[in-house]
Amino acid sequence: MVDRVYKSNLPALRKALEKQRADIALLRPKSDWLRLRVDHLLRHARSLETVLQSTELSQGSHRLTRGVVFLHSDLVYLRTNVKGLEEIIRREKSLRTKRK
């Protein structure tokens, strides 16, 4: 069960990060959030997806249940960062509208 949730949430989080990357690139905030967080998070999410799609894990008998704590920590880490970046984007957009 946990591995299914993990496998379904990773692509959604990666897509959210890709969208945030585009949003931050347009906003160009003073801090370089692309280099500081987004690019690292995207690499991490993509590498996790690659590992999950590997032939070793797709043989059916190999389940990820023994590593539940690791799977959960990856999801929490990515979700927390996506949420934090969303807040940064919201604030930057708010500052832009105030300046105009």
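Q: Buried means under 20% relative accessible area, exposed means over 50%, and partly exposed lies in between, using a 1.4 Å probe and protein chains only. Is Q20 buried or exposed?

A: This is a predicted model in which local features need pLDDT of at least 70, side-chain atom pairs count only at pLDDT 80 or more, and totals for chains, interfaces and linings use all residues. Residues are numbered from 1 along each chain as its sequence is written, and side-chain values use heavy atoms, leaving out hydrogens and water. The relative accessibility of Q20 is 1%. Because the limit is under 20%, Q20 counts as buried.

Q: How many Å separate the C-alpha atoms of R14 and L42?

A: R14 is in helix α1, residues 2-27, and is buried at 17% relative accessible area. Leaving aside residues up to four places away in sequence, R14 touches L42, A45, R46 and E49. R14 and L42 are 28 residues apart along the chain, yet their C-alpha atoms are separated by 6.3 Å.

Q: With which side chain does the side chain of D39 make a polar contact?

A: D39 belongs to helix α2, residues 33-52. A polar contact is a pair of N or O atoms within 3.5 Å; within protein, one must be able to donate a hydrogen and the other to accept it, and residues adjacent in sequence count only if both atoms are side-chain atoms. At 2.9 Å, the partner of the D39 side chain is R21.

Conventions
Helix = DSSP H or I, 4+ residues; strand = E, 2+ residues; numbered from the N terminus. Contact = heavy atoms within 4.5 Å.
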